Amino acid sequence: MFLRWATAAGLAAAILIVLAIPLSLVRVTLDYRDRGNVFLGFVADGSAGVRFWLQSAQQDELEAPNFDIAVGSRCSLRNGLPAWHWWRPEYPQSKMRPATVHGAVPLIYLLVLALLPAALVRFRNWRLNCRRERLGLCQKCGYDLRGSADRCPECGTARDSMKAVVLPAAIRTHGTQVLVGLIGWLLLAVAGVCSLSYYEQTTRRTNEFRVLDHSWYVFRTAPRFDSVVVASQPGTQPVGSVPKPGALVVLGEGEFDFGRIPGSLEDVALVGRGVARTRLKIRLAATQRVRIENVTLDCENEPLIQEPGRHGRLHLVGCKIVGYNSGAGGSSALRGDDAIFLVENCEFDGQGGRAETSGHRGVAFDVRGNGALFVRSTTFVENNEIARIGRGVFDNCRSLGRRPGEVSAGEWVYERGCSAGFFRGSVRPFFVSSDDSAYVRAARDATRTGDPRADGMLRLLDSHDDPRYWLTLLRNENPEIRDIAKRMLEERGYGRAFAEPLDVPGALAHIAEGSPDAGKLRLRILAAGDSALPALAAAARALSGEAGAEGARLRDLLAAHPALSRDAVFSIFVREVDGEAPR
């Protein structure tokens, strides 16, 4: 009797699940609340599955309705494979803490579970019919038919109407072995589904750690130089003076106006003398590995990047960003779809701009899609909002002013040491960054840091054996970390350009002669850093003509911008890692 009821309930549930599959774009939300406390939530998500959670956090600002139907599924099959999905409930205008129990079950699992009782009944009847046929019994009631030729004397069923169970002899003889084989195949299928689920979870964790990995941002935003060094003069730059790929543009004191640059700016660095001494006006259509450093960046009432749909890659260091408070929908300093922004030691002033006197304030970041943002040691002053972001990291940031903005945090947003009230919504704390000394030493020695999240990054990202990780540390401000990274790369066969001793006068002579290796020689001299300054000074005095002038120019650049040596070392190594020699 129990199996009959279970079979009927399972078939009814299976019909409902099949009918729900076409509704994969409709989300139905139902939750129970009592004075702001959400105790139970339920979401049916079409072909994606059923999501559920238990919640007991106070919901004073919860404004979602008790029953909601929305277009767009938040939980779907990934890569066409069934997989488990873990999820945090989110409500508009809510400061709800993460759910204590949350998850999702794809409909394919529910369908299999619903059909299981019917399959068990079917299998039991099949076994029973096999046995009755073998013993010559009635297939309906089980009465012995060996003395009856036409019909069953017990139930009256005609023998001709009984369907014979036609089975191979091997199955009829070895039914137990067949059952064991079926169970084995079932276990194998369950193991395969579990393996797919584990793979999906591992991939998800790896992608999550990528968001937290500082070296991931550095590698994707750092320009690849070919040592073309351009010293620009203040004022409006000539039309057509767009820096070429591989150019390191050194800006002196004064105001520089590059205007609107069409197309994509790639592998370029604009380096100033400081926010109080260099002011830059530039409007970019798109960026690919561009760094702007030590300047006051005037947005002139427009976002810095004009075509946000082109997947920008931008690194801002030591800049002050002003003039983006236009009062319109584009009152944001940085905007991008699927963009990657790395911002370090900057200040975003949201007050200045066309709408300064109206009381309106600007928005620092507008990052949409699958974009990612890493912000470190940055101050936000008078911003309506700092960012709306689903993936990002905020490390030691603060918001100031009478109207301090907030970060509307999505699922993968991490913070460390930020000021109080910096976030709206739940964020994930982290304690060890991938460029911290403890993490670097653990990656070098293939040990652990003691922090669970950092140790997970070490394992899943394989930092010890990843040359790109060590490559990004060549630009670290800590000399000890740079030395560790250089040794790790040399142990892996990189850095062949540093194997030969540097002959500064000979290199300057080859550069003056227009040697095809001039770019490589300039990078090699700049990579020597402070140790090359005495040789450059002596060469500037001893050599005449273009060779002496080149020595004086490189000496002045290294003296004014010591960090250029780190850029040169990075460029030499990165072209080896990427399989390309410097031009």
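Student: Before we look at this predicted model, what counts as a pocket, and which residues are its lining residues?

Tutor: On a 1 Å grid over the protein atoms alone, a pocket is an open set of points with protein on both sides within 12 Å along at least five of seven lines. The residues that line a pocket are those that have an atom within 4 Å of a point.

Student: Which residues lie nearest the centre of the second largest pocket?

Tutor: The space in the second largest pocket of this predicted model comes to about 510 Å³. Its lining is made up of 23 residues, and those nearest the centre are Glu344, Asn345, Arg475, Asn476 and Glu477.

Student: Which element supplies the largest share of the lining of that second largest pocket?

Tutor: Helix H5 (214-221) and strand E12 (313-317) each contribute at least two residues to the lining of the second largest pocket. With three residues, the largest share comes from H5.

Student: How many residues of that lining are nonpolar, polar and charged?

Tutor: The lining of the second largest pocket consists of 23 residues. Divided by class, they are four nonpolar, 10 polar and nine charged.

Student: Turning to helix packing, are H6 and H9 roughly parallel or roughly antiparallel to each other?

Tutor: Helix H6 (residues 437-445) packs with helix H9 (residues 479-491) at an angle of about 20°, their axes being 11 Å apart. Angles under 35 degrees count as roughly parallel, and therefore H6 and H9 are roughly parallel to each other.

Student: Which residues make the contact of H6 with H9?

Tutor: The crossing of H6 and H9 is left-handed. From H6 the contact draws on Ser437, Val440, Arg441 and Arg444, and from H9 on Glu480, Ile481, Ile484, Arg487 and Met488.

Student: Is the crossing of H10 and H13 left-handed or right-handed?

Tutor: The axes of helix H10 (residues 504-512) and H13 come within 8 Å and cross at roughly 115°. Leu508, Ala509, Ile511 and Ala512 in H10 meet Glu546, Ala547, Glu550, Gly551 and Leu554 in H13, a contact with six nonpolar, one polar and two charged residues. As for its hand, the crossing of H10 and H13 is right-handed.

Student: How many nonpolar, polar and charged residues does the contact of H11 with H13 have?

Tutor: Helix H11 (residues 518-528) and helix H13 (residues 545-560) pack at an angle of about 40°, with axes 10 Å apart, which makes H11 oblique to H13. Arg522, Ile525 and Leu526 of H11 make the contact with Glu550, Leu554 and Leu558 of H13. By class, this contact has four nonpolar, no polar and two charged residues.

How values were computed: Residues are numbered from 1 along each chain as its sequence is written. This is a predicted model: local features need pLDDT of at least 70, side-chain atom pairs count only at pLDDT 80 or more; totals for chains, interfaces and linings use all residues. Side-chain values use heavy atoms; hydrogens and water are left out. On a 1 Å grid over the protein atoms alone, a cavity is a set of points where a 1.4 Å probe fits but cannot get out, and a pocket is an open set with protein on both sides within 12 Å along at least five of seven lines; lining residues have an atom within 4 Å of a point. Grid points are joined across faces, edges and corners, and a volume is the space filled by probe spheres set on the points. Helices (H or I, at least four residues) and strands (E, at least two) are DSSP runs, numbered from the N terminus. Ala, Val, Leu, Ile, Met, Phe, Trp, Tyr, Cys and Pro count as nonpolar, Asp, Glu, Lys and Arg as charged, and the others, Gly among them, as polar. Axes are lines fitted to C-alpha atoms, for helices over the stretch in contact, and angles run from 0 to 180 degrees between N-to-C directions. Angles under 35 degrees count as roughly parallel, over 145 as roughly antiparallel, 65 to 115 as roughly perpendicular and the rest as oblique. Contact means heavy atoms within 4.5 Å. A crossing is left-handed if the near helix is turned anticlockwise from the far one by less than a right angle, and right-handed if clockwise.
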